[in-house]
Amino acid sequence: MPNAKAFAASSPTSVLASTSIPRREPTERDVEIDILYCGVCHSDLHQVRNEWSAVPTTYPCVPGHEIVGRVTKIGSAVTKHQVGDIVGVGCLVDSDQKCPSCAANLEQFCPHAIFTYNSPDKHGTAPVTYGGYSTSIVVDEHFTLKVPANLSLAGVAPLLCAGITTYSPIRRWGDVKGKKVGVIGLGGLGHMGVKFAHAFGAHTVVLTTSASKKDDALRLGADEVILTRDANEMQKHAGSFDFILDTVSADHDINAYLNLLVTDGTLTLVGAPDKPMPVSAFGLLFGRKRLAGSLIGGLAETQEMLDFCGANQIVSDVEIIAIQQINEAYERLLKSDVKYRFSIDMASLKNG
Ligand code: NAP
Ligand code: ZN
């Protein structure tokens, strides 16, 4: 079995460190990919530190689900790609492809969905799947995406999770043109949410705890910025938002944001703090408000999002890092100090 270089955590409290992992020889439906860039999602940090009680972590844990790379080998039945193509891989690497969710192109809700890391490895190559903080990966072709040729690859990588996770719920809400759309948290997901809401013609408002991000928010496409720790500012916008996307990674008071919705307005959670959130019934009853959730997106919608990004020149704003900086990058994520996604240049792992 071929080996790949990788960065892994061996326990919830250990730093990520260099290691070697097995990768399978491509089966007939598989694509082998030489990874060029991998984005750093806050989910990587949650998983590495075993912060999600619903999805306990198996160690060693090799995170990374925002993968862009070049095809180096294909199985005999592969039709989607040729050797040399640039492809993407997001949060999913397999599903049963026969359940109602798969039939509806919602592979993320398949009861047998295999996520890119920390899911059982049905090929038996390793106890669990290992993600993109690695020099290579082997993936069933259905779970690979075509990457538009005109976009910078370091900025494309985060589209595979942060991009689809924000594109999908905004699209699902409906036509946001001329509507007032809020994005809570200007991090990796949030800055993509702002770009999409703006591109779809919404009156886009960033709700942030970081006064220092105000100018960036406007540059990224926001029409207004609200500093959420300023109660007066929040009150001025009460009852005015048609749709709010909540990307916050830590505990926060959701009721303060529900108060900002119009009658029949929707707040969709994509942020995934572990702790349950107290929700005031009255905050929902008055104004018939809706609180919803959304998880990444299926493969067809992810391709649609990438094509939209190609047509509209949209990529993530990235700070390119070497893999050796990953532990420092995690500490900065926890301080909301990322502008606006770390993207690992995998040459640093190949040559390191
Ligand atoms: P990130 O880059 O760290 O951004 C999170 C942002 O939330 C921060 O930049 C900060 O923005 C804000 N924030 C942080 N702590 C806060 C607090 N205590 N109160 C209020 N705001 C706070 O993280 P990310 O990669 O975008 O991921 C965000 C969350 O989405 C994570 O929980 C991740 O696991 C989850 N996620 C979910 C899906 C899905 O499919 N649903 C997919 C990917 C990620 P400001 O500085 O602007 O306040
Ligand atoms: Zn992610």
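Leaving aside its neighbours within four places in sequence, which residues is F196 in contact with?

## Basis of the model

This is a predicted model, in which local features need pLDDT of at least 70 and side-chain atom pairs count only at pLDDT 80 or more, while totals for chains, interfaces and linings use all residues. Residues are numbered from 1 along each chain as its sequence is written, chains are lettered from A and ligands numbered from 1 in the order in which they are written, and side-chain values use heavy atoms, with hydrogens and water left out.

## F196 and the nonpolar cores

With those neighbours set aside, F196 is in contact (heavy atoms within 4.5 Å) with G163, T166, Y167, I170, M305, F308, C309 and I314. F196 is also, together with Y133, V156 and I326, among the residues that touch the most other members of the largest nonpolar core, which has 83 residues. Such a core is a set of buried Ala, Val, Leu, Ile, Met, Phe, Trp, Tyr and Cys residues joined through side-chain atoms within 4.5 Å, where buried means under 20% relative accessible area (1.4 Å probe, protein chains only). Strand β3 (residues 30-40), a DSSP run of E with at least two residues, supplies the largest share of this core, seven residues.

## Surroundings of ligand 1

Ligand 1 is surrounded by 31 residues (a heavy atom within 4 Å), of which T208, T209, S210, K213 and R341 are the closest. A polar side-chain atom of K213 lies 2.7 Å from an oxygen atom of ligand 1, and a backbone N or O atom of G188 lies 2.8 Å from an oxygen atom of ligand 1.

Notes: Polar contact = N/O pair within 3.5 Å; in protein donor to acceptor, adjacent residues only side chain to side chain. Buried < 20%, exposed > 50% of the residue type's maximum accessible area, 1.4 Å probe, protein only. Helix = DSSP H or I, 4+ residues; strand = E, 2+ residues; numbered from the N terminus.
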